Amino acid sequence: QSSGLADGGIETSVKVITGVAGGACEAAARKKLDTRRSFAIKLGRALLLTGAEEISPAARQPAAAEAATMSGRPIFKKSSSNSRLTCYLGKRDYFDDLATMDLIDGAVLVDPGIGPDKKVFAHIKCEYRYGRGDMDNVMNGVSFKKDFFFAATQVYPSETPAKKLTPLQSSLLSKFSNAHPFSFQLPHDIPPSLMIQSTAVSDGSQEEEPCGVEYYVQVFVARRKDDQPQGHSSVKMAIRRLTCVSPKPGEVGRPLAEINKAFHLHSGSVRLEVSLAKELHHHGEPVLVSVVIDNYSSNVVKGLSLKLLQLIEITLFKEKAIKNVICSESVEKGFPLAPGQAGWCETFKLRPNLADNRNKAGVALDGKMKYQDTNLASSTLIRDFRNKENIGIIVQYVVKARVFTGFGGRDAVLEVPLILSHPKPVDGSSEAKKSDDVVFEHFARLKVAKQDTIAEALD
């Protein structure tokens, strides 16, 4: 029916065209008619297909990513374009607290039709991109990226002795006879996932390959491990390596710093004391800053400024430092402080978040923000600062307080460091052992608004 309606409309158009322009245009119009009729027939078939009660798996987009839920936990799935391989991962965010690192475990469903002389390999790669992706074409194919870490293994047929299966792998292998497990263990001395935010375009999107550090797992069919993966017979899934910090039992740390600022043209000094409620802050938590000012000088204190700064140090090639103001507050209430006035004290609340910095170029984030499921970059954890060059990009946070003084004086400036990180996630492996039910749903990337339940938030 759709084809017939479309044909009638096209015939009318042909008559109008030929009636005005004469027989010279009739051949071109007829050719256009045949093309549009073919498109209408295909459209009608598509409408009938989408109107059916059930769509066959073969009609779905083969490379689309999906998620399954097993005991409340997401299981991420992606198939190759030729449907020969299907890769499963239990999660996409893997955490490191410098003591333990999450195991990257998964499984691959292999179609027997790949061929008797073909093998299936899996590798994980950490890439550091120090130039925008669109510059690769400008520089005649020169790629502005460097590999920090690479590991590969043969999945099918397996060359290594069978290892102990994780709960995810046990569940998948019990359901699929052609599933083959694989796993990777990342070291501690490699950089976390990180992206240097570029200026957003008009529609709010970001460039495809921004500067930063990216991890991905790739499964592919080849004859040898070092063969180049082919797009139609490979699966590539991006993951993130994140850092997490939990407060130690009994540890009560209250960062504090103070300074006595003397003046050349005035007698006395100004005492500035800045303290934080705690050193460790998780993403989404406010930073409580207490400030004490004692004006023991003959000068006038005019005001106070507080800034939470993100300090980025790039150490790979040439050391470079970037300072970003994440949030700030200017204080005028209670000022000026007259000479000899002491005991001024106030507590302020700073809120570092990505929402207020989404369009600021140069801000470091935890991984890509294509789906806006990210946050400000966590503080970089380094076991040995003598090897900080291996990290590539180091991110730190400080609260900077500045006291403005009157004529003839210099401002009193003080910085207090803090740690911004993720909390250590709760291990759900014990719950996963209790159930083997796997229900597949359409996959959508996790939202920032549900960071507290990131392991189970699905759209």
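The model is predicted, so local features need pLDDT of at least 70 and side-chain atom pairs count only at pLDDT 80 or more, while totals for chains, interfaces and linings use all residues. Residues are numbered from 1 along each chain as its sequence is written, and side-chain values use heavy atoms, with hydrogens and water left out. The chain's secondary structure comes to five helices and 22 strands. Here helices (H or I, at least four residues) and strands (E, at least two) are DSSP runs, numbered from the N terminus.

**The chain as a whole**

- Of the 459 residues in the chain, 42% are buried. Buried means under 20% relative accessible area, exposed means over 50%, and partly exposed lies in between (1.4 Å probe, protein chains only).
- The chain exposes about 24,900 Å², and carbon and sulfur atoms supply 52% of that area. Accessible areas come from the Shrake-Rupley method with a 1.4 Å probe; for residues, only the protein chains shown count as cover.
- Take the contacts (heavy atoms within 4.5 Å) between residues at least 6 apart in sequence: 67% of them join residues at least 24 apart.

**A four-stranded open sheet**

- The strand order in this open sheet is β12-β13-β15-β18, and the pairing is antiparallel. Two strands pair if DSSP finds at least two bridges between them.
- At the edges sit β12 (256-262) and β18 (344-350), each of which pairs on one side only.
- From one strand to the next, the twist averages 15°. Axes for such angles are lines fitted to C-alpha atoms, for helices over the stretch in contact, and the angles run from 0 to 180 degrees between N-to-C directions.
- Seven bridges join β12 to β13 (residues 269-276) in the antiparallel sense, and Leu-256 stands opposite Ser-275 in β13.

**Strand β16 and its partners**

- Strand β16 (residues 301-314) is largely enclosed by the rest of the structure, because 10 of its 14 residues are buried.
- β16 pairs with β20 (residues 393-405) in the antiparallel sense over 13 bridges. If you want a pair to look for, the bridge partner of Glu-313 in β20 is Ile-394.
- β16 is also joined to β17 (residues 320-331), again antiparallel, by 11 bridges. Leu-308 has Cys-327 as its bridge partner in β17.

**Salt bridges**

- The structure holds 13 salt bridges. A salt bridge is a side-chain nitrogen of Lys or Arg within 4 Å of a carboxyl oxygen of Asp or Glu.
- Asp-96 forms one of them with Arg-241, with the closest N and O atoms 2.5 Å apart. Asp-96 lies in strand β4 (residues 93-96) and Arg-241 in strand β11 (residues 234-243), so this pair ties together parts that are 145 residues apart in sequence. Both Asp-96 and Arg-241 are buried.
- Asp-117 forms a salt bridge with Arg-223, where the closest N and O atoms are 3.0 Å apart. This pair links distant parts of the chain, 106 residues apart: Asp-117 is in the loop between β5 (104-110) and β6 (119-129), and Arg-223 is in the loop between β10 (212-222) and β11.
- Asp-117 counts as partly exposed at 41% relative accessibility, and Arg-223 is partly exposed with a relative accessible area of 46%.
- Glu-273 forms a salt bridge with Arg-271, the closest N and O atoms lying 2.4 Å apart, and both Glu-273 and Arg-271 are buried.
- Glu-273 and Arg-271 also belong to a network of salt bridges that links them with Glu-258 and Asp-294.
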